[in-house]
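Trainee: Could you take one part of this model and walk me through it slowly, so that I can follow it in the structure?

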Amino acid sequence: MASNACGHDWVVTITQQEEEPELDSALINAVAELGEFTRFAIYINKTFNIGLPARLLNKNTAIEELSEQEVLDLLAKVSRNKIRISRDCGVISTYVPIYYTGNVVGILVVESDKELTERCSMLAIYMLNIYANQLSLLHKSQQDPLTELLNRQTFDKKVIEIATNTAVEHDSKQCHWFLAMVDIDHFKRVNDNYGHVIGDEVILLVAQLLKNNFRIEDYVFRYGGEEFSVLFQASDELDARNALNRFRSCVAQYPFPQVGNLTVSSGFMPIYEFEMVASLVQKADQALYHSKNSGRNCVTAYSELDIQQSQPQDDSIELF
């Protein structure tokens, strides 16, 4: 403890993390090592958008989980660098704010028998803010610079994560993950007729419509050029189709500046078991191409295609 009196080791560990799960674990471990308490819960709004709910970070906490409204009420009561304390039946609850660029984006809830020392409180604030800053840097590294959607590199990681978890935690009663590929119809005409500046504006506007039409817990990516991908949850294939059709209709009705009306085509498939990223994308793309070849401005499920599932070929080379 003495060698880490100023929290230097914790800061180094937190700022070294390049993946979000490892960053979360580094913060949880750092808070646990403060030494003056054992019961704590960390809530963080990872989108940094004011008004959206803050989620519990350490799911194994001994403290009863608060509702979204209870957390929002707490966030409203704390302000930058201010700690709130309450007492109830001998238990002291301390609420330490987490802020980013001056806005409170989360809170550390501590339950203890005595008030935290000033040193402990200041170290907690210090680590929480370092965490928020590192989280922001990670998010920026995962974004496409034009649209601020998630980028292609993040897409590959997220598909693998979802496909792996789906294979382990499959439950037919729960919502399923779906992968959709979305493409702007006749986009080359936009660039040819109006120039690349207007083309970029169209991509940006479609990206905003796409993000607005899906939930915050879904993942929207710019896959490349005028193509986008979405990882989203739905109860079944019909529910997934309806979600994509809502977006398709929204784009078709949107008055794009100078260009006028545009349409999008999409193809989608469920992620029911582990499958390689390239294979999943290929299937969703086949459904997308079917939409393109069927007059565009429509949605196609991979299950609609008459594709025979063949055994994989053995591409190995026999040396002996």
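This is a predicted model: local features need pLDDT of at least 70, side-chain atom pairs count only at pLDDT 80 or more; totals for chains, interfaces and linings use all residues.

**A close look at helix 7 and helix 8**

Mentor: Helix 7, which covers residues 196-212, packs with helix 8, residues 237-252, at an angle of about 145 degrees, and their axes lie 10 Å apart. As a rule, a pair of packed helices is described by the angle between the axes and by the distance between them. The crossing of helix 7 and helix 8 is right-handed. On the side of helix 7 the contact is made by V206, L209 and L210, and on the side of helix 8 by F247, C250 and V251. Sorted by class, this contact of helix 7 with helix 8 has six nonpolar residues, with no polar and no charged ones.

The protein chain has an average pLDDT of 89, and 91% of the residues score at least 70. Over residues 309-320, however, the pLDDT is below 50, and this stretch has two contacts in the model beyond near neighbours in sequence.

For another helix to set beside this pair, turn to helix 2, residues 20-32, which has 13 residues and reaches 18 Å from its first C-alpha to its last, close to the 18 Å expected at 1.5 Å a residue. Its buried residues are L23, D24, A26, L27, I28, A30 and V31, and what covers the buried residues of helix 2 includes helix 1 (8-15), strand 1 (39-44), strand 5 (103-112) and helix 4 (118-141). Take D24, which lies in helix 2: D24 counts as buried because its relative accessible area is 11%, and buried means under 20%. Leaving aside neighbours within four places in sequence, D24 is in contact with K46, L57 and Y131.

Finally, look at R152, whose place is in helix 5, residues 152-169. R152 has a relative accessible area of 34%, and is therefore partly exposed. When its neighbours within four places in sequence are left aside, R152 is in contact with R222 and Y223. R152 and Y223 are 71 residues apart along the chain, yet their C-alpha atoms are separated by 5.2 Å.

Note on methods
Residues are numbered from 1 along each chain as its sequence is written. Side-chain values use heavy atoms; hydrogens and water are left out. Helices (H or I, at least four residues) and strands (E, at least two) are DSSP runs, numbered from the N terminus. The expected span of a helix is 1.5 Å times one less than its number of residues. Buried means under 20% relative accessible area, exposed over 50%, partly exposed in between (1.4 Å probe, protein chains only). Contact means heavy atoms within 4.5 Å. Axes are lines fitted to C-alpha atoms, for helices over the stretch in contact, and angles run from 0 to 180 degrees between N-to-C directions. A crossing is left-handed if the near helix is turned anticlockwise from the far one by less than a right angle, and right-handed if clockwise. Ala, Val, Leu, Ile, Met, Phe, Trp, Tyr, Cys and Pro count as nonpolar, Asp, Glu, Lys and Arg as charged, and the others, Gly among them, as polar. pLDDT is the predictor's confidence in each residue, from 0 to 100.
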